[in-house]
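Visitor: I have a structure to go through. Can we take it in pieces?

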Amino acid sequence: MKRQTPPMQPDPNRSQHAANEVFEPAEHGLSMTTNTALVYCEGNFGALDGKTANGLVRHSEKYDVRGVIDSELAGQDSGMVLDGINNTIPIYRDLADALENMAGTPDYFIFGMAPASGMLSARERSLLIEAMSYGMDIVNGLHEFLNEDPVFIAASAAHGVSIIDVRKPRDKKHLRMFSGRIAEVTCPVIAVLGTDGAIGKRTTSTILTNALVAHGIKAIMIGTGQTGLIQGARYGIAIDAIPAQFCSGEMESTIVDAFERENPDVIIVEGQGALSHPAYLTSTFILRGSQPDGVILQHAPGRSHLGDFPDTKMPTAKSEINLIETFSDTKVIGVTINHENMSDEDVSAAIKSNSSELGIPVTDALTRSTDFLVDMVVGAFPELAIKRAVNSH
């Protein structure tokens, strides 16, 4: 199991809290200070399968995360584990430890892992039932829908709590087919894709969106996975849970909805998996449905093999760019680095070498100033510079 490691000797110009600098309340949710939550991530916090917990600790508009459960890291600060920045969200040994030391019982118990199977183990099922017995509502981002499970239905009724199956799509009769209306979206659409799953696409998308807003550019982010929806994304779908026939249409319709309601200057689309990935293929639907004007590629130079497939070598940024630009009528406008298994010096070297080889801007969204991300986008879409210039005055 690989855990993320905070970068060594971070850049003094980095925006340490970039993912939390700008907040817009979730369209149908309460403020983050209203919904307190405990996140379960046993043995996986800071690791690939802990991406939901990792994301919630870094940024949440919907939940006030009060703690994380992972016995292997108990007693540590979750922000220090992820990014080397204290965020005062403690890591607890187990549920009993958390409830004994927290100020009150949280409103929600969030299952914070995203295992490849998408299913609960027997132990995890028992733990969720136990959490319900304390009056906590359950937030479940797995492919296993607990509202369809007789045991969980009974427990929900017995304890007067709710279960939120984040990935459960609408009835098929309400799902939308691709229509071509994406052509009506006149602002730039930028997809943040990657060379692997659990590589930081959502984190970079969030930081980029907030940075653009901070510079006076109205940006809207489209979530495409369970973590983004749990965090409180105003617009989004769990694309990997939608029948394939409707994936492109749901992607298109969600973007059109956001464009018509928000009149944004730019739309940022969170990617999933990788176009080259042998198992996680949702990038194909994201590219077809969103038809992005530009792509930012998230890459982890420190990974030698795909996260869930240790016998499959990682693609290079160059090969993935070639594949994306061949598959879709778009242009990769920049690369963002995932600094996993890298020192700060390694990150600097990777930025320099990739920029030289690829001829496009390269940065690390977490350890370098967010100005580099904004410049990357404005450089590719000069019309956005007008918005930025007006704001600067």
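Guide: We can start with a pair of helices and then turn to a sheet. This is a predicted model, in which local features need pLDDT of at least 70, side-chain atom pairs count only at pLDDT 80 or more, and totals for chains, interfaces and linings use all residues. Residues are numbered from 1 along each chain as its sequence is written, and side-chain values use heavy atoms, with hydrogens and water left out.

Visitor: At what angle do α4 and α5 pack?

Guide: About 15°, with the axes of α4 (residues 122-133) and α5 (residues 150-159) 9 Å apart. That makes α4 roughly parallel to α5 (angles under 35 degrees count as such).

Visitor: Which residues of α4 and α5 meet?

Guide: Arg125, Leu128, Ile129, Met132 and Ser133 in α4 touch Val151, Phe152, Ala155, Ser156 and His159 in α5; contact means heavy atoms within 4.5 Å. By class, this contact has six nonpolar, three polar and one charged residues.

Visitor: New topic. What is the strand order in the open sheet?

Guide: The seven strands run β9-β8-β10-β7-β11-β14-β15, with parallel pairing; two strands pair if DSSP finds at least two bridges between them.

Visitor: Which strands stand at the edges?

Guide: β9 (235-236) and β15 (362-363), each with a single partner strand, so one side of each has no neighbour in the sheet.

Visitor: How many bridges join β11 to β14?

Guide: Five, between residues 294-299 of β11 and 332-337 of β14. Leu297 has Val335 in β14 as its bridge partner.

Visitor: Which strands does α10 touch?

Guide: Helix α10 (residues 317-327) packs on the sheet against β7 (189-194), β11 and β14, and its direction makes about 150° with that of β11.

Note on methods. Axes fitted to C-alpha atoms, helices over the stretch in contact; angles between N-to-C directions. Helix = DSSP H or I, 4+ residues; strand = E, 2+ residues; numbered from the N terminus. Parallel < 35°, antiparallel > 145°, perpendicular 65-115°, else oblique. Nonpolar A, V, L, I, M, F, W, Y, C, P; charged D, E, K, R; others polar.
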